[in-house]
Amino acid sequence: MAKEKTLFFCKECGHESSKWLGQCPGCRAWNTMVEAPAARKTKGGAVAARQVSMNTRPAKINEIETQEECRRETGMPELDRVLGGGIVPGSLILVGGDPGIGKSTLLLQMCRLLSQKAMRVLYVSGEESARQIKLRAERIGTFSDELFLYSETCMGTVIQAVEEIEPKVVIVDSIQTMFEETVDAAPGSVSQVREITGTLLHLAKSKNITIFIVGHVTKEGNVAGPRMLEHMVDTVLYFEGDKTAMYRMLRGVKNRFGSTNEVGVFEMRNQGLIEVPNPSEYMMQGRLENEAGSVVVCTMEGTRPFLIEVQALVCQTSFPMPRRTAVGTDYNRVNLLMAVLEKRLGVRMADCDAYVNVAGGMRITEPALDLALVAALLSSHHGRSMGNETILFGEVGLVGEVRAVSQAERRVAEAVKTGYTTCILPESNRQSILKAGNLDVSGVRLLGIKHIRELLDYI
């Protein structure tokens with residue numbers, strides 16, 4: 001019996017090699033080569049995989065017909081926001097996230113709303129039986145007969161079911177459990193995931209149906225399987241959040257039919273995921289008034305402003321080396337800003353412990369958080385409150401200058417909407433807002449600063 005031939009594939013880019021390599025020649029990543037069986041070949045030399053063809057011919061660009069309104073709303077405004085206005089027929093969408101974070105619940109709720117609009121939906125699960133899905137669905141609400149459940153892992157059988165039922169939307173949960181009979185590899189391997197994704201892509205384009213595929217993520221936060229999986233699909237969504245926290249965030253990383261970096265906020269409850277239309281109000285619940293070391297910053301997630309509380313605690317240390325802790329932001333950035341305070345303002349922090357926390361469990365890394373971190377550290381160090389009606393944002397440089405940030409007008413508008421009366425921002429941003437004149441700032445005092453010493457005078 002002839003020995004089965006194996007190849008080595010890169011998990012990041014899909015590069016093939018006949019031998020193991022420490023560094024992938026394609027993407028230059030280290031320790032990403034995994035062994036998998038090579039695809040079988042027929043007598044004619046062709047690979048025994050599913051051959052795809054769109055049955056189209058080259059056409060002139062002016063002869064191609066387009067539609068203005070080709071999106072279908074899901075009935076979940078937060079999901080529609082991330083998708084760019086709704087689902088697009090013929091698109092392939094990847095939903096990634098940690099196991100148990102709520103991916104299946106989110107898609108099941110979407111299926112419920114779509115089926116109530118007389119849209120036929122097929123939910124294929126390779127992890128749960130149809131009875132288990134029904135028990136979970138009963139907690140969400142009532143479903144119509146347009147939703148079909150199918151517990152199957154064979155890709156060929158799933159395609160037959162799609163051709164028989166003719167749904168408009170298909171959910172595959174998850175892609176790591178599906179397998180193709182023509183590929184001699186275990187489910188979830190590089191070969192299987194790549195082949196099945198190509199088959200689903202052809203199915204979505206040829207049948208003009210929307211397909212959602214669920215993918216688990218690794219401990220590094222990437223979708224398990226080859227990284228090229230993200231390049232094959234039209235849209236990549238990541239469902240994030242701490243399992244101990246109540247909220248979940250759906251983040252759009254890639255979208256060929258809309259803007260990227262959009263986020264939707266959900267709250268996990270017993271009856272499923274509840275949309276949070278006003279995240280700023282939700283994030284600010286439980287904040288104490290007029291406390292030293294507590295400030296409010298306006299950050300941007302895509303085109304959406306968020307009001308987040310930043311807390312800092314500075315105290316004298318009893319150790320030879322001060323202790324520094326940062327939760328929800330970059331630890332090295334906090335150390336850098338503390339060095340700027342000591343050098344440019346003469347505020348001695350070399351013998352102080354410093355603890356910084358972004359309340360609510362969110363992680364913020366954008367530069368606009370710098371001014372709020374500086375204000376929280378100064379407020380805690382001097383024991384003085386910034387006031388309950390003050391909001392800050394801005395980037396701080398190494399010489400203490402306060403630099404402009406993007407989308408300042410949206411940030412100020414969010415502060416006005418939520419009732420804040422004072423907004424401390426970079427002077428250049430203040431001048432641009434007043435010069436544009438598109439925003440009514442009569443109810444808020446815009447305080448523009450050029451250097452952090454002006455912030456110290458304000459405190």
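**Helices and two residues in a predicted model**

Biologist: Why are α2 and α3 called roughly perpendicular to each other?

Modeller: In this predicted model, the axes of helix α2 (residues 103-116) and helix α3 (residues 130-137) cross at roughly 75°. Angles from 65 to 115 degrees count as roughly perpendicular, and α2 and α3 are therefore described in that way. The two axes come within 11 Å, and the residues that meet are S104, T105 and L108 in α2 with I133, R136 and A137 in α3.

Biologist: What makes α4 roughly parallel to α5?

Modeller: The axes of α4 and α5 cross at roughly 10° and come within 12 Å. Angles under 35 degrees count as roughly parallel, so the crossing angle makes α4 roughly parallel to α5. Where they meet, M155, I159, V162 and E163 belong to α4, while I196, T199, L200, L203 and K207 belong to α5.

Biologist: Which residues of α4 are buried, and why are they said to be on the same side of the helix?

Modeller: In helix α4 (residues 155-165), the buried residues are M155, V158, I159, A161, V162 and I165. Around the axis they cover an arc of only 160°, which is why they are placed on the same side of α4. The other side of α4 has Q160 and E164, which are exposed. The cover over the buried residues includes β5 (121-125), β6 (147-151), β7 (169-173) and α5 (190-207). After α4 comes E166, with a positive phi near 60°.

Biologist: Turning to α8, how do you know that its length agrees with its number of residues?

Modeller: Helix α8 (residues 331-344) has 14 residues, which at 1.5 Å a residue should span 20 Å, and its end C-alpha atoms are 20 Å apart, so the two values agree. At the start of α8, the backbone nitrogen of N332 has a side-chain oxygen of D330 within 3.3 Å. Just after α8 comes G346, whose phi is positive, about 70°.

Biologist: Which residues of α8 are buried, and what puts them on the same side of the helix?

Modeller: The buried residues of α8 are V334, L337, M338, V340 and L341. They cover an arc of only 155° around the axis, and this puts them on the same side of α8. N332 and K343, on the other side of α8, are exposed. The elements that the buried residues of α8 pack against are β15 (324-327), β16 (352-358), α9 (370-382), β18 (395-396) and α12 (452-458).

Biologist: Why are the buried residues of α11 said to line one face of the helix?

Modeller: In helix α11 (residues 427-436), the buried residues are E427, N429 and I433. Seen down the axis of α11, these residues fall within an arc of 160°, so they line one face of the helix. They pack against α10 (408-417), β20 (422-426) and β21 (445-449). Just after α11, G437 has a positive phi of about 70°.

Biologist: Why is Y123 called buried?

Modeller: Y123, which has its place in strand β5, has a relative accessible area of 0%. Buried means under 20% relative accessible area, so Y123 counts as buried. Leaving aside neighbours within four places in sequence, its contacts include S104, L108 and C111, and also I133 and R136. The C-alpha atoms of Y123 and V170 are separated by 5.9 Å, although these residues are 47 residues apart along the chain.

Biologist: What makes the pairing of Y123 and D173 a polar contact?

Modeller: The side chains of Y123 and D173 are joined at 2.9 Å. A polar contact needs a pair of N or O atoms within 3.5 Å, and the pair in Y123 and D173 counts as one.

Biologist: Where does N388 lie, and which side chain makes a polar contact with its side chain?

Modeller: N388 lies in the loop between α9 and β17 (390-392). Its side chain makes a polar contact of 3.0 Å with the side chain of R287. Not counting residues up to four places away in sequence, N388 touches R287, L288, E289, N290 and Y420.

Biologist: What do the totals say about the protein chain?

Modeller: The secondary structure of the protein chain comes to 12 helices and 21 strands, and 48% of its 459 residues count as buried. Among contacts between residues at least 6 apart in sequence, 67% join residues at least 24 apart. Taken along the principal axes, the C-alpha atoms fill a box of roughly 80 × 50 × 50 Å.

Conventions:
Residues are numbered from 1 along each chain as its sequence is written. Side-chain values use heavy atoms; hydrogens and water are left out. Helices (H or I, at least four residues) and strands (E, at least two) are DSSP runs, numbered from the N terminus. The expected span of a helix is 1.5 Å times one less than its number of residues. Buried means under 20% relative accessible area, exposed over 50%, partly exposed in between (1.4 Å probe, protein chains only). The arc is that of the directions from the helix axis to the C-beta atoms. Contact means heavy atoms within 4.5 Å. A polar contact is a pair of N or O atoms within 3.5 Å; within protein, one must be able to donate a hydrogen and the other to accept it, and residues adjacent in sequence count only if both atoms are side-chain atoms. Axes are lines fitted to C-alpha atoms, for helices over the stretch in contact, and angles run from 0 to 180 degrees between N-to-C directions. Angles under 35 degrees count as roughly parallel, over 145 as roughly antiparallel, 65 to 115 as roughly perpendicular and the rest as oblique.
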